[in-house]
Amino acid sequence: DEEWNEMKKHPEIGFRIAQNNLDLAPVAEYILCHHERWDGNGYPRGMSGEEIPLLSRILAVVDAFDAMTSERVYRKAISREEAAAELVRCAGKQFDPRIVRVFVEQVLKLG
């Protein structure tokens, strides 16, 4: 629980870093909100649906895809197809379903 609570601070840390950089300040709010969930179960504010900034919803999908398809010390990367399937599975819960559809169909060219 302690480690999870520490992990959940990273959007706020990123927000503070971005706020203090002239080039990044315009995107600070989007960084802060990129772990909010479509269903309202995210953090740090518990926002849901379209109250989450659009760029944060896009960043959430791209960040999750990158995390799933990248090697980590604690797990192997999964394929683009497997990551896309996981995004689709979580659409409407964790992610904005429209953004997932566009990302999978138009960006990844799958489906």
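Which residues line the largest cavity? Let me walk you to that one, everyone. We're looking at a predicted model, where local features need pLDDT of at least 70, side-chain atom pairs count only at pLDDT 80 or more, and totals for chains, interfaces and linings use all residues. Residues are numbered from 1 along each chain as its sequence is written, and side-chain values use heavy atoms, leaving out hydrogens and water.

Now, the answer: the largest cavity is lined by C33, H34, E36, R37, W38, I52, S56, R57, A60, Q94, F95 and D96. On a 1 Å grid over the protein atoms alone, a cavity is a set of points where a 1.4 Å probe fits but cannot get out; a pocket is an open set with protein on both sides within 12 Å along at least five of seven lines, and lining residues have an atom within 4 Å of a point. The largest cavity holds about 50 Å³ of space. Volume here is the space filled by probe spheres set on the points, which are joined across faces, edges and corners.

On to the largest pocket, at about 590 Å³. It has 22 lining residues, and H35, D63, A64, A67 and Q94 come closest to its centre. Helices are DSSP runs of H or I with at least four residues, strands are E runs of at least two, and both are numbered from the N terminus.

Finally, the whole fold, friends: six helices and zero strands. Its C-alpha trace spans about 40 × 35 × 30 Å along the principal axes.
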